[in-house]
Amino acid sequence: MANINKNKKINLVADIGGTNIRLAITENDNITAISTYECANFPQLSDVIRQYIEEQDLGDASINACLAIACPTDDDLISMTNLPWKFSQKGLKEKLNLHSLTLINDYTAIAMAIPLLRDDQKVKIGGGEASPKKPIAVCGPGTGLGVANLVNINNQWHCVGGEGGHTDFAAVDELDIKILQQLLTTKKRVSYEQLLSGYGLEQIYRALVAINSNDLSFSDVEKLSAKEISSKAINGDCPTCEQALSQFCKILGSFAGNLTLTTDSLGGSYIAGGIVPRFIDFLKASQFRERFEAKGRMSYLNKQTPTYIITESQPGLLGAAAYLSQICPES
């Protein structure tokens, strides 16, 4: 339980996913009293936050809360994508008697965490050195493909979100083209997210099996999960899985490189999400960085730009804390 003085102003942050919710207290960029709860055990979001407040003895505190949540946050009415939780932002603030309440998208939180990362919370891939206060790009293969950019305005970082993961996939090498042709046998359009996600890795694998076979079509290929594919690739148990993961890394390099060119992100290009940190050594040995830099006349820009894998286990809480410190600097 946190040692809280009564009537003290408290910053409370949360990272709310479809399975778990993590809550913590933050002060001066330090995150303490982290607790994790299973969302399925609570009828509503207010119930789990109220339990945390009671467990940390925050009942008499003046609480500023910033909640990073995996759904759109533009409207007062929030309806979570992967949970039956629905609530009004105004209603939640009143029900919990909060001093202030801010909801942000979970990927905004991840992006906001980047300027606070220490060297031991990220792994550098290849060369390049970050230019201070220059834009930063971040993408994250996971369930989908998250994309965001950070820009520095008057010494404060601001996140520019978007749906960059849904841009059209651009094939670069001959194998990219063959994979695209396979996917187009069942789809009208192929976006980067359909290759750079857990589902995407599975699709790359199935396409390669069809390409390497003389009698199988894409739709007939037996499915393997992304976890099975990556495990078999890392262990050297399946040449096609290894080929699939290698192509995934190359496509990720191309996509991250495109983001860097789009926003002139000389502050660095970061890879987030739950997939890539599982095979960092494999990524280092792949053509990820080669494809990141291979941008023709503009290659010199990407060669200057460092690429990193985020390894911090709680980037959502860290980013929510950073966001809250900017809007409530004196709390």
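Which residues of α11 are buried? In α11, the buried residues are P315, G316, L317, L318, G319, A320, A321, A322 and L324, where buried means under 20% relative accessible area, exposed over 50% and partly exposed in between, with a 1.4 Å probe and protein chains only. Helices (H or I, at least four residues) and strands (E, at least two) are DSSP runs numbered from the N terminus.

Before going on, note that this is a predicted model, in which local features need pLDDT of at least 70 and side-chain atom pairs count only at pLDDT 80 or more, whereas totals for chains, interfaces and linings use all residues. Residues are numbered from 1 along each chain as its sequence is written, and side-chain values use heavy atoms, with hydrogens and water left out.

**Stop 1: helix α11**

Select residues 315-327, the 13 residues of helix α11, which at 1.5 Å a residue should span 18 Å; the end C-alpha atoms are 19 Å apart, which agrees. The expected span here is 1.5 Å times one less than the number of residues in the helix.

**Stop 2**

Display next the open sheet of 5 strands, whose order is β3-β2-β1-β4-β7 and whose pairing is mixed; two strands pair if DSSP finds at least two bridges between them. At its edges are β3 (30-38) and β7 (100-105), each of which pairs on one side only. Neighbouring strands of this sheet are turned by 20° against each other on average, direction ignored. Axes are lines fitted to C-alpha atoms, for helices over the stretch in contact, and angles run from 0 to 180 degrees between N-to-C directions. Helix α3 (residues 106-113) packs on this sheet, touching β4 and β7, and its direction makes about 90° with that of β7; contact means heavy atoms within 4.5 Å.

Within the sheet, select β1 (residues 9-16) and β4 (residues 62-69), which run parallel and are joined by 8 bridges. Among the paired residues, V13 has C66 in β4 as its bridge partner, and I16 stands opposite I69 in β4. On β4's pairing with β7, also parallel, there are 6 bridges, and I69 stands opposite N105 in β7.

Colour β4 by accessibility: 8 of its 8 residues are buried. In a regular strand the side chains alternate between the two faces of the sheet. Both faces of β4 are covered, with S62, N64, C66 and A68 buried on one side and I63, A65, L67 and I69 buried on the other.

**Stop 2: A68**

Centre the view on A68, which is found in strand β4 and counts as buried because its relative accessibility is 0%. Leaving aside neighbours within four places in sequence, A68 is in contact with A14, D15, I16, I104, N105, D106, A109 and G316. The C-alpha atoms of A68 and A14, 54 residues apart along the chain, are separated by 5.9 Å.

**Stop 4**

**Stop 3: the nonpolar cores**

A nonpolar core is a set of buried Ala, Val, Leu, Ile, Met, Phe, Trp, Tyr and Cys residues joined through side-chain atoms within 4.5 Å. In the largest one, which has 47 residues, select C139, F248 and L252, the members that touch the most others. Helix α7 gives the most to this core, with 10 residues. Apart from this core lies another, of 32 residues, among them I10, C39, L58 and L103.

Return to C139 and, not counting residues up to four places away in sequence, show what C139 touches: Y107, L145, G146, V147, L252, F255, A256, L259, Y270, I271 and A272.

**Stop 4: the cysteines**

How many disulfides are there? The count comes to 0 disulfides, a disulfide being a pair of cysteine sulfur atoms within 2.5 Å. C249 is in no disulfide, and the nearest cysteine sulfur, that of C139, is 12 Å away. C249 is buried, with a relative accessible area of 0%.
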